[in-house]
Amino acid sequence: MTNRMPSRRRWGVALAVGLCFASAAWAGLGERAESVERDQAKLRAATAKMTPMAHCDMHEITTIQGATVRQYVSPQGQVFATTWSGPAMPDLKVVLASHHAQYMTQAQARRGNHHVMAFETDGLVLRVVKLPRGIAGSALVPALVPAGMDLQDIR
């Protein structure tokens, strides 16, 4: 039993340090591209991949809970849109970053019905749909969408 304690302590210290750095560094919608890797850690990604597209790069994260989160990064290096789908809602504090407060304000106003919440402001377009076996959503910052980008490509 005494041999296990040092490794448990090391694991616990490593976990605590990792959580401190991850929570201090996470970012998302509207943030720099470097935030994508931090989001992967914060969302507990099981897999992650990047797909180059005509006007942006799409970073796709699959969480250990089975949710898929896609972040779209402009050539200027900013996350301008994000989508998610899966059995449960991902941590929207991570996904929406500085736009989370605006989402919460709109959610409390209960726009839409109990299956759909959608709103559009000058700074944010957001849609969340409750599905029979999960949830799906999308958010984008119109001012950050790259020129020539077809919004149909955001899925």
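This is a predicted model: local features need pLDDT of at least 70, side-chain atom pairs count only at pLDDT 80 or more; totals for chains, interfaces and linings use all residues.

User: Thanks! How many bridges hold strand 2 and strand 3 together, and in which sense do they pair?

Analyst: Six bridges, in the antiparallel sense. Two strands pair if DSSP finds at least two bridges between them. Strands themselves are DSSP runs of E with at least two residues, while helices are runs of H or I with at least four, all numbered from the N terminus.

User: And what sits between strand 2 and strand 3?

Analyst: Four residues, making a hairpin. G66 in that turn has a positive phi of about 95°.

User: What's on the strand 1 side?

Analyst: Strand 1 and strand 2 run antiparallel and are joined by seven bridges. P52 has D57 in strand 2 as its bridge partner.

User: Is strand 2 enclosed or open?

Analyst: Largely enclosed by the rest of the structure, because five of its seven residues are buried. Buried means under 20% relative accessible area, exposed over 50%, and partly exposed in between, with a 1.4 Å probe and protein chains only.

User: Back to Q71. What is its bridge partner in strand 4?

Analyst: That would be T82. Strand 3 and strand 4 pair over six bridges in the antiparallel sense, and the hairpin between them has five residues, with G77 in the turn at a positive phi of about 85°.

User: Where does T82 lead next?

Analyst: To strand 7, where A139 is the bridge partner of T82. Strand 4 and strand 7 are again antiparallel, over six bridges. Strand 4 is mostly covered, with seven of its eight residues buried.

User: What order do the strands take in the sheet?

Analyst: The order is 1-2-3-4-7-6-5, in an open sheet of seven strands with antiparallel pairing. Strand 1 and strand 5 (116–120) are the edge strands, each pairing on one side only. From one strand to the next, the twist averages 10°; axes here are lines fitted to C-alpha atoms, for helices over the stretch in contact, and angles run from 0 to 180 degrees between N-to-C directions.

User: What happens around strand 5?

Analyst: Strand 5 is joined to strand 6 (residues 125–131) by five bridges, running antiparallel. E120 stands opposite V125 in strand 6. Helix 4 (residues 100–108) packs on the sheet and touches strand 5 and strand 6, its direction making about 125° with that of strand 5. Touching, or contact, means heavy atoms within 4.5 Å.

User: Changing topic: which residues of helix 2 are buried?

Analyst: S35, V36, D39 and Q40, in a helix spanning residues 35–42. Seen down the axis of helix 2, the buried residues fall within an arc of 145°, so they line one face. That arc is taken from the directions from the helix axis to the C-beta atoms. The face turned away from the buried side carries the exposed residues E37 and A41.

User: What covers that buried side?

Analyst: The cover of the buried residues of helix 2 includes strand 1 (45–52), strand 2 (57–63), strand 3 (68–73), strand 4 (79–86) and helix 3 (92–96). R44 follows helix 2, with a positive phi near 60°.

User: How many aromatic pairs are there in the whole structure?

Analyst: One, from a search of the whole structure. Y72 and F80 form it, tilted, at 6.3 Å centre to centre with 50° between the planes. Rings of Phe, Tyr and Trp (its six-membered ring) pair if their centres lie within 6.5 Å; planes under 30 degrees apart count as stacked, over 60 as edge-to-face and the rest as tilted.

User: Why does Y72 count as buried?

Analyst: Because its relative accessibility is 0%. F80 counts as buried at 0% too.

User: Last one: what does S138 touch?

Analyst: S138, in strand 7 (residues 134–140), touches T82, T83, W84, V125, L126 and R127, not counting residues up to four places away in sequence. S138 is partly exposed, with a relative accessible area of 29%.

How values were computed
Residues are numbered from 1 along each chain as its sequence is written. Side-chain values use heavy atoms; hydrogens and water are left out.
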